[in-house]
Amino acid sequence: MAKLSSLSPLNGYQESIGSISLREINDYSLVSLAIPQDTTKTFAKIIKDEFGVAMPTSVMSKTNKKMRLLMTQPDQIFSIIPQVDDPEKDLSKIIGNAAYITDQTDAWVVLEISGVTSRTALERICQVDLDPNIFKLNAMARTTMEHMATIIIRTDVDTFLLMSASSSAKSFLHAVKLSAQHIS
Amino acid sequence: MSQSFRINGGLTDRSKPINFTFNNKKMVGYEGDTLASALLANGQRLVGRSFKYHRPRGIFSAGSEEPNALVQLRTGAYQEPNTRATVTELFDGLTATSQNHRGSLGFDFMSVTDLLSPFLGAGFYYKTFMWPKAFWEKIYEPIIRSSAGLGSLSMLEDPDKYDKGFLHCDLLIAGSGPSGLAAALAAGHAGLRIIIADEDYLLGGRLLEEDHNIEGISGQDWVLQALAELTEMSNVRILPRTTIYGAYDHGIYGALERKTDHLAHSGDKPRQVLWRIYSKRAMICGGATERSIAFPNNDRPGIMLAGAVRAYATRYGVATGNKIAIFTNNDTGWQTAVELVAKGVNVVAIIDPRDTAPRAHISGVAMIMGASVCNTSGRKALNRITLTNGQTLNVDCLAVSGGWSPNVHLTCHQRGRPIWNDTIAGFVPGGDLPVGQFVAGAANGDMTLGAALKSGHKTATLIAKDLGFTTNVSKEAKADDENFAIKQFWHVTGYKQRAWIDLQNDVTTKDIKQSQAEGFRSVEHLKRYTTLGMATDQGKTSNVLGLAVMAEATGKTIPETGTTIFRPPYSPVAIGAFGGRERGQHFHPTRLAPSHKWADEQGAEFVEVGNWMRAQWFPKSDDKTWRDSVDREVKKTRTSVGVCDVSTLGKIDIKGRDAAEFLNKIYSNPFAKVPVGRVRYGLMLREDGICYDDGTTARLAEDHFVMTTTTANAVLVYRNMEFARQCLFPNLDVHLISTTDQWAQFAIAGPNSRAVLSKIIDKVDMSNDGFPFMACSNVTVCGGTPGRLFRISFSGELAYEVAVPVRYGDALIREIIKAGEEFDITPYGTEALGVMRIEKGHVTGAELNGQVTAFNVNMNNMISTKKDSIGSVLSRREMMIADDQVRLVGVKTVEISDSLASGAHFVAKGEKPTTKNDQGWVASVCYSPHFEQHIGLGFLERGHERHGEIIRAWDGVRGTDILVEIVSAHMYDPEGGLQRG
Amino acid sequence: MIINHPLLGPRDANEFVHLGDESLIDRPDGMADDAANKFHDYMYLRDNPAGKYRELWYHDAGDRSWLVVTRDTLTHEIFNVELARDVARARGRSK
Amino acid sequence: MRYSALSILKQGLTGNKSWKPVWREPEPKKSYDYIIVGGGGHGLATAHYLAKVFGGKNIAVLEKGWIGSGNIGRNTTIVRSNYVLDGNQPFYEMSIKLWEGLEQDLNYNAMMSQRGILNLAHSDGQRDAYARRGNAMLMSGADAELLDRDAIQKMCPFLSFDNERFPIKAGLLQRRAGTARHDAVAWGYARSADIHGVDIIQNCEVTGFQMKNGKCIGVETNRGPIKAKKTAVCVAGSSSRVMEKAGMRLPIESHVLQAFVSEGLKPTIPGVITYGAGHFYVSQSDKGGLVFGGDIDGYNSYAQRGNLPVVEDVCSGGMSIMPMIGRARLLRMWGGVMDMSMDGSPFIDKTGIDGLYFNGGWCYGGFKATPASGYCYAHLLATDTPHANARQMRLDRFMRGNMIDEKGVGAQPNLH
C-alpha cells in the first residue's frame, strides 16, 4: 500500500506584504525533551558532547547547525532538528534515559516573519517587548497572540520565528497577515 | 454663508479651503480647522440642544471638554453620534447634523420641556409616573426614553476596522503642552525610551492657543523647534491624535490613536488603534480645563469659555463675535482681553467681580470691577447682557472664565483623591498617585508658563536619574510667569432665573439646592440625584462648580464636601476600538481537524464544538433531511463499518517513573496496576467530588501513558494535572505533554472494522486474542508510518481508534475510505456519534455538566475507598449520596411516533408541573434508527429503581407533554458482547 | 496587571489564569479520620483578606508554571512571585 | 411627604422650596432591637420589610459611608428570575413579584422596567440547557419562552446573523425581566424604612461585635458602642472583613466586576440581551446609555476597579454579537467588589453565634435579589426560621454536600 503523503498545516505558505515576508517553515522535526529532576546534569552533558549545544535558559534559545533548543517549561525543552522520519527513535539512541522524548513536530505550525517593519507588525499582536536591546538575538518567549498560545524566537535583527498550535494554523496566519497589512 | 468671522493669523492654511455641510448647509473652512472653528468662522451660533430642556446651545469650548457642540458626524453606516465638533478635524466633504431635537434645530418641539422646567427638577421622575401601575412601560417610559438620549446609531454594522497594539517605554508622557515638551526634551536627551502622546493633532497644547515667549522666540516657534529635536531622536516615539484614556495597574496605560478620523475615508486601514502601553514611569502633563461661572441664563449660544475665545482667535484665526464682553474672576481673562485686542477683535468690556483696580490697562475696553453678569438675552444667539450694577451691554459673545481645574483625571483612576488648593481654586493631585506616575505643569497646579516648563524639565530629569540615565542632563527652557490671581467666585445669587452648572445635562444651581434640601448631600448622592457631571463631558467644566455651590448650600468648605472619583476613560472611546479586530469570524480562533479538507470535499456539514469545527454529518444526494443522513450513517456503522475523526478529543502524553502512581491520584478508579498494552476507562472528579471528566487512558510502556479527555475539557484537565504535579505532588517523576495537535485519530467502528483495519495496519495480529477489547499498541500504518492503535468503542460496536501524526491525517482518512470501499464504509459525524453513544448509554458533557456526581450516573462504585484520589473524600458527603438523589436513566417514548426533546422535566402522571413536583430532566435525546423511535438519557429521582415506570416528559417551553418509559441507560447491547467480539 | 515571573521576567497578567488561595497547596490527607471536616475547610473556607494575599496563578499561555503571587488586594501591588513547586516543597509536600 | 404628580405640581408652583429630606439623619441610640449592618440595597430592604411587614420596632441601619454606596450604586440594574435550580429559582421569582409592586409599596418610582431579557444560545447543547432552565422557570410560576433563530431576528434584527463565529441557534426569553434605576431602589427603601421609624445612620462604621458568653449583644462603631438584641450583617463585598471581627471564616472571596456605560443614545435595543458565546450582556438605560458588562476580572480584589483585558474581552464580545455598537463610545467604566461564594449562590442564615445573622454571597447577582433578600432576611430575623424560598441558602450546605451551583464549575469563585 502507498506510503502516506504528508501535508503541512499551511501547505508551504509564502507571501510578501509590503516590506514584510511571511513563510511557513516545515522542513524540521520537533521533539519535546522532558527532563527528570535527577538527570538534568547528565542531559546537559549529552547535548554538549553530542550536539555541541549548551543548555538553553527560559529566555534564551541555544542553537547551531545541528539543532535549536528552547526551554519551554522549567523541566521541558523543545529541540528543533532537521527533518527525520522518527525523531523519537533517533534521539533516544543518543539521549537514552536522560529525558523523556515526545515527537511534537505535527503539533505546531512555524511561521517566519522578516523585513524591516516586522517588529512594527508584531506590535499589533505581541505583548512581549521586542526591542533589540531587550529581546536579543535568539531570545525566546512563550506568550499569547490573538488568544493563541505562541512561541516567538528572534533569529535575526528583523526576523522572528512564530510557533503556534497546528490545528489553529489558519487563524494564526490570519492574525499575523492582518498585522502586516494594517501597517503596510 | 461666507467666513465673515475670519481674522488674520492662526495655524489654518488659507490656501487650502475645505468644503463641508452642517444640517445640509454648505460651508467652507480651511485645513487646520476643527468643525467648531469652521462653524464659528461661518457665523453658525446655534449648534445643538441640551439634554433635558432642549435649550438652544452653541459652541462652548475649544477642546475635548465640550458639553454643547455635539453633532452626528458622517452618514449611513458611518454615522457617528455625539461627536464633539471642537475636536473634529475638518476634512473635505465632511457632513454633520445637529442632534436631540424634534423638528428643526431652530424650532424644536421638545423645547416645551423648558417651559415645564419648574416641574422637572432634580429627581422628579422618582416621585411620579407610578399610577396607574401598568402605564410605566406602556406610556411614561417610552416618552422619557425617546426624549432622552442624544444622537442615534445607524443600527448598521460598523464598517470600519479597528486594531490594537502593545508598546513599551521607560517614560510615557501624556500631553504635549509646555511641561510635556520640556519633559520630553529632558528625558529624550537623557536617552530614555519615551512615548509622548497628545489627543490633539498638533503638539504644543496651550502654546498653540496663546501668545507667549520662550527663550526669546514665540511659543509656537519654540514648539516647532522642540518637535524638530524630538523627531531626530530614535528613542522618542511621538503619538499625535492619541488620547491616554486610562491608568491601570503596574504602569499600564490605555491609549487610543485616531488613525483615519481626520480623513474622508479610512480605506482598508484601521480607523483607530487601541494601544496598551507598558511604562516604567509616566508623566501626566494634561494641563488644566477652564470652567464657567453660574449666573442667570448663562447657557445661551455665544456664551463661551474665555480660553476658547482666545484659542479660536489665536490658533484658528476666528473671532467668536463682533462685540465681545469678558466676565472673569481671575487674571487669565484679562490676558484673553489683551490678546484679543492685539488681534483687532472688538472687546467692548471686561467685567470682574473683584473689587480691585483693573488687572491690566487695555485701551478701548470698559473695565468694570466689582460687578457681575446677572442676566442675558437672545434665545438662539446672545444679544445682550445685564450687569449687577444695572448696566446692560449689547454683545454677541460673552467670554467667561471662572478659573481653571487641573486635569487630574489620570491621577485618580486608581482611586486616588485630589486635594483642594485655595490659591489656584482647584483640585490638584493628591499624594496617592498610581505607582510610577508623576504630574507636571498645570495638571499639577503649576498654572503659569515658566513654572510649567520648569516642573516638566525637573520631573523628567529626576525620573531619568532614578532609572539610571545619568549622563546627559539637558538645559531647561525658560519663560516668564504670567499673572494668575483668582477670586473664588462661583455663582451670581439673588436672581430667580436658572443658572446652569452642567450645560449638557441641564443641572442648575436650583437643582443643587433642592438636592441639598432633600438630603442628597454627599458628593456621590449629589451626582446621582442631579446627574451632575454624568454627561458625555463627564463634568470636565461643571464638577468643581457644582461642588462649590453644594459646599455653600451645606455651609461646608469644598475640601469637606469632597470630590467624586474620576473613572476611565478620560474621554469617551468607541466600543469598536475596545473590540479591536476580534469580530465576526475572528472573534475566536478556529481549530480544524486533520480530515477537515477531505470532509469539506465530501460536502460535510460542520458545527462549532468549542473552537473546533467538526463534521456534523455527511449529506448524500438522496438524503431528504439531515435526519436521513444521520440515520444512514448510524445504520451503516452498526451493520457494516463507519469512520469518524476523533482527533479533537484531548490527548495528553504522561511520562515518568511515577506516571502510574500519579494517575492513581488523578483518577478515582484504580490505575496503579494497568498492564502495558492495555487501555482503561477512567473517571476523574473535581476535588469537590463532582464528576469532572472521563475518558480512556492507555499504557504504552511502563513509564508512558496516553490519556484522552473530552474535547471541551482538554485544557482544564491538563491545567489541573499540572497543578497536582507541581503543587500537590512536587516530587513525583511525571511529565505532561499535550499531544492533541500532534495526532490525527480516527474511530473505525462496526462489524467490518477489523477487516478494514487489517488492510491499514502493518503486521499486527488483529484477531480477538491477538488484539482484544481494550488493547493498545504502537504500530506502523500503510507501510511504515508510525502510529498508535487502540481497541476501544464509544459506539458499542467492535471498534478501534487508529492515530498517526497529523501531517498524515488527510492521507490516512482517504486510505481508510479506500480500504473500506468493499464494505461500503461510511464516514459519520458528531450527530451519528451522539446517537450511538446514547443508544449505548455513554455519558458526555450533556450529562456530566459539572453538577452531577458519580452517584447520579451510577458510577459511585468506581470511586475507590482504598486510596486517596482527587475528589474522593468530598464525593461522600451525605446529600450527594442520599437515596432521593436523581440517577441516570434511559427513556423511550411510549408512543413510537412521539418525539422527545432534551430539557423536558419528569413529572408524574396527573400532577401539575410545579417545582415541587419536578422529579428530574431529560439530558440528551436522539432518534434511534436501531429502536426506530426517540430515546434519551435523563436524570430521575431514584431512577435506578424505577425501570419500567411510565412518567411524563413535560416540555412547557416547547409546548409538549408526552409519556415515556424509564429504562436502563444501557439500551443497546447491554451485555457488551458486540464490542468484545 | 503585570506579574514578574521568577524565570521569565515581567509578563502581562492576561497570560495567566488565577486559581485562588495559596492554601490550596495544603491538600489534607484523604485517608485520615477527620478527612471530611479537613477537606470542607480546605475546599470552601477562605481568609479573603483585604490586604496582603498569597494566591496561585498558572502561566497558561506561557511556561505552564504554577506561581505563588503575594499581592495586596486593596492596591493590587505585587510584592513577591515564587514558583509554586518550590513553595510546595518548602511546605513539605513530596509524593 | 407623599409623592405624587400633585406634590410635584405644588412644589413647582412654589419654586421647589419646601422639599423635605428623603430620610432623617438621627444620632444613633444606645440600643436597638435590631441592628442591620450595611446601608446598601439589601440592608435597607431588610429594614423596610422588617418594619412594614413583620412589625419590627426599634431598628437601625448602620452604614459606614453614604447609603447606597455599595453595589446597589454600581451595578448593571438587571432584574430577572431565570435560574434552573430549585435552591434559587423560586426565590428569584418571589423577588420579581416584589419588584412588580415596588413603586406602590414604596411610593417611590424605581423605574422597574419589564422590557425582558433574552439569553442567546449558540449550540444545540446550550439550547437544551436553556430549555431545561426555561421549564424550571415555568414550573416555579415564572414566564419563559424558547425562541428560534427567526423569532430572534424579528425581535432583534441588529444582532449579527451573518459572518458570525458562533451562530445564534435559539434564545431563552423572559418578558417579565428587565431593569430598574439602581440608586432609586436604595433611596426608595431608605425613605420607606425611615417613614416606618427606622434610624438610618450614615458615616457609622462597625468596628467590632460586642460578645457576652458566646452571644452577640451589639456592635462597636466609630460613633461608640450600640447594643442590639439581634445584629444582622449585610455587607456584600465586605462580608469577610466584617465577619472576621466575629471570628468567622466564610465560603466567600471578594472579586472585582467591571461595568460599562456608553454615551447617551436614542432608543437602540429593546431589553436585556446576553451573548452565549462570549462574555457580554447589555441593556439601555432610560437616559439612553448602553449599560453593559461581562465576566469578573478573575482575581481577588477590594480595589473597586479592574483592568484592560476584561474591558477588551467584553467589547469584542459585544462587537461580535452586535456589530452596530462599534461607533457608540464607552463613557465610563467602573468596578464593584463582589462577594463571590464558593458555589455562586447566596446565604441568608443564622451564624454559629447567637444573636448574629448573616446575609451575603450574592456574587454579581445581588441587585435583582434586593426585594426577596430583604424580605427573607427580615423573615429570618423576625421569626428565627428561614423563609421557604431561602431554605437552601444556608452556610452549612457545603458540609452537607447541597451546593447550589448553577454554572457547574465547582468551588472556584472566579468561575461563577
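Into which domains is chain D divided?

1. The model is a predicted one. Chain D is split into domain 1, made of residues 25–78 + 182–251 + 343–400, and domain 2, made of residues 114–176 + 253–341. Each domain is therefore listed as several stretches of the chain, with bounds that come from an automatic or database domain assignment.

2. Consider how the two domains of chain D sit relative to each other. Taken over C-alpha atoms, the centres of domain 1 and domain 2 of chain D are separated by 30 Å. Contact between them involves 21 residues of domain 1 of chain D and 20 residues of domain 2 of chain D.

3. Between domain 1 and domain 2 of chain D, about 1,600 Å² is buried, and carbon and sulfur atoms give 58% of that area. On the domain 1 side, the residues that lose the most area to domain 2 of chain D are D:R74, D:T76 and D:I78, which together make up 36% of what that side buries.

4. The polar side of this domain boundary can be described by counts. Zero salt bridges are counted between domain 1 and domain 2 of chain D, whereas 10 residue pairs are in polar contact, both residues being at pLDDT 80 or more. The helix α8(D) provides three residues, the largest share of the side of domain 1 of chain D that touches domain 2 of chain D. By class, that side has seven nonpolar, 10 polar and four charged residues.

5. Next comes the interface between chains. Chain D and chain C each put 24 residues into the contact. About 2,200 Å² is buried between chain D and chain C, with 52% of it on carbon and sulfur atoms. Within chain D, the most area is lost to chain C by D:R249, D:N300 and D:Y302, together 28% of what that side buries.

6. Which residues meet in a salt bridge at 2.7 Å, N to O? They are C:D47 and D:R249, through their side chains. This pair counts as a salt bridge because its N to O distance of 2.7 Å is within 4 Å. Across the interface of chain D and chain C there are two salt bridges, and 14 residue pairs are in polar contact, with both residues at pLDDT 80 or more.

7. Several elements of chain D supply at least two residues each to the side that touches chain C: α8 (239–244), β12 (252–264), β15 (289–300) and α11 (397–400). The residues on this side of chain D divide into 12 nonpolar, eight polar and four charged.

Conventions. Residues numbered from 1 in each chain as written. Chains lettered and ligands numbered in written order. Predicted model: local features only at pLDDT ≥ 70, side-chain atom pairs only at ≥ 80, totals over all residues. Heavy atoms only, no water. Contact = heavy atoms within 4.5 Å. Buried area = accessible area lost by both parts, 1.4 Å probe. Polar contact = N/O pair within 3.5 Å; in protein donor to acceptor, adjacent residues only side chain to side chain. Helix = DSSP H or I, 4+ residues; strand = E, 2+ residues; numbered from the N terminus. Nonpolar A, V, L, I, M, F, W, Y, C, P; charged D, E, K, R; others polar.
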